[in-house]
Amino acid sequence: PILRAEGDHALTGKRQFTQGGIELIGDAGASANAEVIRVAAGALLDLHIERITIDLSMPGLASILMQGEPVSAPMREAAMSAVAHKDIASLRSSNL
């Protein structure tokens, strides 16, 4: 278990959570980060774990994750704007 010592959870009983990790050795950059996220998300989905949250704070990572997906240009732009503004409601309603 990990203890969160910042943000809204620092003063509540929800400070403890479970965390897992994955590491890619030998490659670097946004493409490597995207691959690690794809593998981790796929593993969690295979385990039927729901309500997965991944905080994309690296510029360009969201667009790399959408490469190869059937997403129209306007939808991609809307998604990128939602990611930049951390607008989860818009991302959920977009059906990406």
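Where is the place of H48? H48 sits in the loop between helix 1 and helix 2 (61–66). The model is predicted: local features need pLDDT of at least 70, side-chain atom pairs count only at pLDDT 80 or more, and totals for chains, interfaces and linings use all residues. Residues are numbered from 1 along each chain as its sequence is written, and side-chain values use heavy atoms, with hydrogens and water left out.

The chain holds 4 helices and 2 strands. Helices (H or I, at least four residues) and strands (E, at least two) are DSSP runs, numbered from the N terminus. From the N terminus on, the order of elements is β-β-α-α-α-α. Of the 96 residues in the chain, 16% are buried. Buried means under 20% relative accessible area, exposed over 50%, and partly exposed in between (1.4 Å probe, protein chains only).

Two residues stand out by their backbone angles. Most residues other than glycine have a negative phi. H48 has a positive phi, near 60 degrees, and is not a glycine. H48 is exposed, because its relative accessible area is 69%. K86 is also not a glycine, yet its phi is positive, about 50 degrees. K86 lies in the loop between helix 3 (73–84) and helix 4 (88–93). With a relative accessible area of 54%, K86 counts as exposed.

The second largest pocket has a volume of about 700 Å³. Its lining comprises 20 residues, of which T18, G20, L44, I52 and T53 are the closest to the centre. Lining residues have an atom within 4 Å of a point. Grid points are joined across faces, edges and corners, and the volume is the space filled by probe spheres set on the points. Helix 1 (residues 30–46) gives the most to this lining, with 7 residues. By type, the lining of the second largest pocket divides into 12 nonpolar, 5 polar and 3 charged residues. Here Ala, Val, Leu, Ile, Met, Phe, Trp, Tyr, Cys and Pro count as nonpolar, Asp, Glu, Lys and Arg as charged, and the others, Gly among them, as polar.

I52 belongs to the loop between helix 1 and helix 2. I52 is partly exposed, because its relative accessible area is 32%. A nonpolar surface patch is formed by L44, L45, L47, I49, I52 and I54, with about 510 Å² of accessible area together. Patches are made of residues with over 30% relative accessible area and no salt bridge; like charges are joined within 9 Å, and nonpolar side chains (Val, Leu, Ile, Met, Phe, Trp, Tyr) within 5 Å. A salt bridge is a side-chain nitrogen of Lys or Arg within 4 Å of a carboxyl oxygen of Asp or Glu. Accessible areas come from the Shrake-Rupley method with a 1.4 Å probe; for residues, only the protein chains shown count as cover.

E23 is found in the loop between strand 2 (16–17) and helix 1, and is exposed at 69% relative accessible area. E23 and I37 are 14 residues apart in sequence and 9.9 Å apart in space, C-alpha to C-alpha. A84, in helix 3, is exposed at 61%. A84 and A62 are 22 residues apart in sequence, with 9.4 Å between their C-alpha atoms. S94 follows in the segment after helix 4. S94 is buried, because its relative accessible area is 19%. The C-alpha atoms of S94 and A79 are separated by 7.7 Å, at 15 residues apart along the chain.

How values were computed: On a 1 Å grid over the protein atoms alone, a cavity is a set of points where a 1.4 Å probe fits but cannot get out, and a pocket is an open set with protein on both sides within 12 Å along at least five of seven lines; lining residues have an atom within 4 Å of a point.
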